[in-house]
Amino acid sequence: MRILQISSARTFGGGERHFADLSNALTARGHEVHVALVPASALHDELKLAPTAQRITLPLRNALDVYSATALARFVRAQQIEIVHAHVARDYPLAAYAVRRSNARLIITRHVPFALNRLHRFALANVARVIAVSGPVAEQMRARKIFPAAKIRVVPNGINLARYADIDRATARAELQQRLQTQATLFVGTVGELSPVKGQDVFIRAAASVIERGLTNIAFIVVGTDNAPAGGTRKQLEALSAAHKLEQQVHMLGRVADLARLLPALDAYVSASRAEAFGLATVEAMACGVPVVATTTDGSREIVTDGLTGRLVPVGAHEALAAALIELLNDADLRTKLGAQARAAAHARFSLERMIAETEAIYLEALS
């Protein structure tokens, strides 16, 4: 198939990891994959298999960017694109316009739990299929009746499991200790864009509670970039850490390009999100054999089985999060057991191959 993947993302997170893995894997399977990106997109470096000649860079400013919409439409017709797949909400109307005077079919993916507005019903009337990354996201869209229920499909994200297969945990821990310049023997981490939605403030408050209860040999690691103006979110988190006197225990690492070398070093992974459609980093941690403590967002409840692959705690409840961490950190056998079960679950349910096959099937369904 001739496929155009579109993303106006300026930053790199789970949705962009999905975009890169999908584009690379479809190319490897013999499809002619084109991509439309903004000039400064971090995705340029991640698209290892997509030829530069099959990339188009556009401003993709917002849903009303007439210049980008017109350029996309010309590109779709000139390259005889069959599938146009958009991943960011502001790109959906541009993609819808691009397919109007062509034989291409429009596919969109919803990566976030936030509702689309009623205007999308008209702007996206020509959508062929809508992919939700989790069951709750699909249920929300059905309830809003933006799209006919018959057009909605659920394809949970998948990860390249081979990326995590050969990482030695002892080596990863030694590298992390050296990087942090710490003598800590236990490591707890969280990954995600620095924002109130991701709950890093809850993570830091839980860290304070853990240390107050006597577990002081722990390093708490926060991975993620701050896209707020002037780095405002990071400053707030650093101030919160300082208020709890955690400057030596909490390490803010910014973006880590190769999570496969960091996640295996952890004794526990935390998702403290207030809302989550699908936690890709949670699955990556599980694939490394790391037990998870997550808040009961829709996405985490679909990934983590309480008592089997990790622990689930109420959203925003830092004391409950701390209690779950203390249980894990005090019991190496429990960590090993939950970690092994987490790894088995990740391999059974969240392979990239499964995600690609299901996405291909939706493309073919739309074309037929």
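## Arg-354 and its surroundings

The backbone oxygen of Arg-349 lies 3.2 Å from a polar atom of the Arg-354 side chain. The Arg-354 side chain also reaches the backbone oxygen of Pro-156, at 2.6 Å. A polar contact is a pair of N or O atoms within 3.5 Å; within protein, one must be able to donate a hydrogen and the other to accept it, and residues adjacent in sequence count only if both atoms are side-chain atoms.

This is a predicted model, in which local features need pLDDT of at least 70 and side-chain atom pairs count only at pLDDT 80 or more, while totals for chains, interfaces and linings use all residues. Residues are numbered from 1 along each chain as its sequence is written, and side-chain values use heavy atoms, leaving out hydrogens and water.

Arg-354 belongs to helix α13 (residues 352-367); helices (H or I, at least four residues) and strands (E, at least two) are DSSP runs, numbered from the N terminus. With a relative accessible area of 19%, Arg-354 is buried, a term for values under 20%, with exposed over 50% and partly exposed in between (1.4 Å probe, protein chains only). Leaving aside residues up to four places away in sequence, Arg-354 touches Val-155, Pro-156, Asn-157, Gly-158 and Arg-349, where contact means heavy atoms within 4.5 Å. Val-155 is 199 residues from Arg-354 along the chain, and their C-alpha atoms are separated by 9.0 Å.

## The six-stranded sheet

An open sheet is formed by six strands, paired in parallel, in the order β10-β9-β8-β11-β12-β13. Two strands pair if DSSP finds at least two bridges between them. At the edges stand β10 (250-254) and β13 (310-313), each pairing on one side only. Neighbouring strands are turned by 20° against each other on average, direction ignored; axes are lines fitted to C-alpha atoms, for helices over the stretch in contact, and angles run from 0 to 180 degrees between N-to-C directions.

Strand β12 (residues 292-295) pairs with β13 in the parallel sense over four bridges. Leu-312 in β13 is the bridge partner of Ala-294.

## Helices packed on the sheet

Helix α7 (residues 200-212) packs on the sheet and touches β8 (186-191), β9 (218-223), β10 and β11 (268-271); its direction makes about 175° with that of β9. Helix α11 (residues 318-329) also packs on the sheet, where it touches β8, β9, β11, β12 and β13, and its direction makes about 165° with that of β13.
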